[in-house]
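Q: I'm new to reading structures. Could you walk me through this one?

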2 protein chains.
Amino acid sequence: MDATLPDAMPVPHPRRDSADAHADAPAYDLIELFFFAYRDFVSDPDRILSEYNFGRAHHRVLHFVSRQPGLTIAELLDILRITKQSLNRVLKELIETGFIESRTGTADRRQRHLHATTQGHHLARKLADLQTGRITQSLASIDPKAKEAISAYLLGLIDPDDRAHVQRLVFGRRET
Amino acid sequence: MDATLPDAMPVPHPRRDSADAHADAPAYDLIELFFFAYRDFVSDPDRILSEYNFGRAHHRVLHFVSRQPGLTIAELLDILRITKQSLNRVLKELIETGFIESRTGTADRRQRHLHATTQGHHLARKLADLQTGRITQSLASIDPKAKEAISAYLLGLIDPDDRAHVQRLVFGRRET
DNA sequence: GAGATATGTCAATAAGGCTGACTTAAAAGC
DNA sequence: GCTTTTAAGTCAGCCTTATTGACATATCTC
């Protein structure tokens with residue numbers, strides 16, 4: 001690629017201060033691939049969800065509730081980073097249509113512990129399977145060892161102060 | 001790990017047909033990491049954009065126009081996968097505020113060729129630099145060889161019929 | 001009992017998508 | 001040259017998902 005570069009070309013030495021990242025050429029490839037990949041990654045679930053008159057917001061709620069039975073409202077808000085009012089609309093719909101169940105806490109009766117119903121788990125799984133299919137297909141074409149690197153990369157894109165939280169969420173199962 | 005899995009979940013034996021990916025356990029880790037990574041990846045640009053009263057839609061338009069000077073409306077619609085009407089609203093604002101310029105085609109006078117102004121290129125670059133910073137930070141913590149694997153993975157997530165198109169867009173420069 | 005906390009709800013607003021219908025200008029086809 | 005197709009622009013109305021702000025209720029903590 002750099003075959004035509006004359007040897008003597010003064011190349012400003014790359015500093016890896018990690019703070020002045022904008023000294024580097026923009027990583028257009030990874031920026032754009034991320035955009036296109038995300039666009040298609042959510043497209044399969046979108047199709048299924050529209051059959052139920054649900055949107056992406058419903059998917060996110062159902063996903064995390066299904067994954068973490070007993071999740072409280074506050075915890076869910078913290079994961080999704082949306083307001084109580086935004087959550088409430090979609091959550092209400094998911095409860096009314098029987099995909100999620102809200103149970104009053106026993107230790108703290110102010111809390112609501114959310115659980116997916118059988119129907120809810122089923123839909124969540126169906127959507128996860130679709131996305132897993134896409135992931136599996138993609139992983140199949142590359143070095144199987146790369147999976148850890150990909151996880152590490154994605155984790156590294158997350159805000160540092162949230163990284164531990166996400167790590168617990170994704171890799172550890174809940175104890176609360 | 002599966003201790004909390006809903007009871008009714010049948011576990012079919014894993015076949016490696018690559019077609020029926022949903023025989024596999026869901027790739028919850030990559031699914032969730034992708035969600036959290038994307039959430040934070042767009043957060044830095046969002047902050048800057050709001051200073052200009054722009055949103056993500058403006059960012060996407062500005063980005064691709066800046067990257068591919070002379071892009072036509074039809075080509076842009078194909079990249080973004082939104083309707084003409086949706087594009088028009090944000091594009092109009094970007095033109096009115098002097099970030100993008102629309103030039104009537106010479107060969108085909110029906111077409112509009114879009115170009116970022118100096119101001120437009122500047123903002124696009126600023127936003128790309130922010131995202132590049134995040135990417136660089138993340139890449140710094142992993143095997144430098146992994147970058148190719150990550151690109152390949154993201155490319156693999158894209159719809160097969162679009163993959164060549166995206167590849168041209170991302171890795172090749174335009175000749176039109 | 002006072003105050004803090006977890007949740008729920010009303011109302012108004014905004015961004016960014018969508019569909020459908022229609023116009024204008026210009027190119028292409030015959 | 002006339003017709004059809006294509007590229008772009010526009011009007012109107014609607015939906016989803018988010019926001020802010022204000023306030024209500026039940027329950028826990030001190």
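A: The residues of the surface near DNA strand D split into five nonpolar, nine polar and eleven charged. Here near means that a heavy atom of the residue lies within 4 Å of the strand. Ala, Val, Leu, Ile, Met, Phe, Trp, Tyr, Cys and Pro are nonpolar, Asp, Glu, Lys and Arg charged, and the others, Gly among them, polar.

Q: What should I know about the model and its labels?

A: It's predicted: local features need pLDDT of at least 70, side-chain atom pairs count only at pLDDT 80 or more, and totals for chains, interfaces and linings use all residues. Residues are numbered from 1 along each chain as its sequence is written, chains are lettered from A and ligands numbered from 1 in written order, and side-chain values use heavy atoms, without hydrogens and water.

Q: Which residues come nearest to DNA strand D?

A: Of the 25 around it, A:R60, A:Q85, A:S86, B:K84 and B:R110 do.

Q: How far is the side chain of A:R60 from a phosphate oxygen of DNA strand D?

A: An N or O atom of that side chain is 2.5 Å from one.

Q: Which residues of α2(A) are buried?

A: Buried means under 20% relative accessible area (1.4 Å probe, protein chains only). In α2(A), they are A:S43, A:D44, A:P45, A:I48 and A:L49. Helices here are DSSP runs (H or I, at least four residues), numbered from the N terminus.

Technical notes. Buried < 20%, exposed > 50% of the residue type's maximum accessible area, 1.4 Å probe, protein only. Helix = DSSP H or I, 4+ residues; strand = E, 2+ residues; numbered from the N terminus. Polar contact = N/O pair within 3.5 Å; in protein donor to acceptor, adjacent residues only side chain to side chain.
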